[in-house]
Amino acid sequence: MEAPGSFLESAKTFVPGEEFEYRHLYRMLASYAREHEYPLAAQAYEGAAAAEKEHAALLKQAADVETFAGGSVSVCPICGHLMAGDSIPERCPVCGGPKRQYKTFSGV
């Protein structure tokens, strides 16, 4: 069994998958849901796409370990949306979940 790669290698590995999900997969699923008149499913897929876009952006930033200044990262437990830094909105911009439910990680 191989030892896990460095963080830098690992972070870069996940970016293409995250980009595929928000650019193609969730758009296709949302479109299908709208065509079949499932508006809540469409909304959920659109929210998932927005969360995946944030994941990809944060992974790209984190891959450059030398300049990454993530500080703290907050995660919405409802939809998985990531928010970096200290200026966090009162409600999740993806699903509307309240700030009090966010899980915040410092020293990332």
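Guide: We can begin with S74, which is found in strand β1 (residues 72–75). Keep in mind that this is a predicted model.

Visitor: Is S74 buried or exposed?

Guide: S74 has a relative accessibility of 3%. The cut-off for buried is under 20%. S74 therefore counts as buried.

Visitor: With which side chain does the side chain of S74 make a polar contact?

Guide: Not counting residues up to four places away in sequence, S74 touches several residues, including H81, M83, Y102 and T104. One of these is the polar partner, at 2.9 Å from side chain to side chain. That partner is T104.

Visitor: Which residues make up the largest nonpolar core?

Guide: In soluble globular proteins, nonpolar side chains tend to be buried together. Leaving aside neighbours within four places in sequence, C76 is in contact with H81, M83, C92, C95 and Y102. A second, separate core of 5 residues includes Y26, A48, A49 and A56. The largest core has 6 residues in all: C76, M83, I88, C92, V94 and Y102.

Visitor: Is E19 buried or exposed?

Guide: E19 is found in helix α1. Beyond its neighbours within four places in sequence, E19 is in contact with H24, A56 and K60. Its relative accessibility is 14%, so E19 counts as buried.

Visitor: How many residues apart are K60 and E19?

Guide: The side chains of K60 and E19 meet in a salt bridge, at 2.7 Å from N to O. The pair links distant parts of the chain, with K60 in helix α2 and E19 in helix α1, and the separation is 41 residues.

Visitor: Which residues are linked with K60 in a network of salt bridges?

Guide: The structure holds 4 salt bridges. K60 is partly exposed, at 46% relative accessibility. The network that contains K60 also takes in E19 and R23.

Visitor: Why does the salt bridge of E46 and R34 tie together parts of the chain?

Guide: The side chains of E46 and R34 meet at 2.4 Å, N to O. E46 lies in helix α2 and R34 in helix α1, so the pair ties together parts whose separation in sequence is 12 residues.

Visitor: What is the phi of E37 near?

Guide: E37 is found in the loop between α1 (7–35) and α2 (39–63). At 68% relative accessibility, E37 counts as exposed. Its phi is positive in a residue other than glycine, near 60 degrees.

Definitions and conventions: Residues numbered from 1 in each chain as written. Predicted model: local features only at pLDDT ≥ 70, side-chain atom pairs only at ≥ 80, totals over all residues. Heavy atoms only, no water. Helix = DSSP H or I, 4+ residues; strand = E, 2+ residues; numbered from the N terminus. Buried < 20%, exposed > 50% of the residue type's maximum accessible area, 1.4 Å probe, protein only. Core = buried A, V, L, I, M, F, W, Y, C linked by side-chain atoms within 4.5 Å. Contact = heavy atoms within 4.5 Å. Polar contact = N/O pair within 3.5 Å; in protein donor to acceptor, adjacent residues only side chain to side chain.
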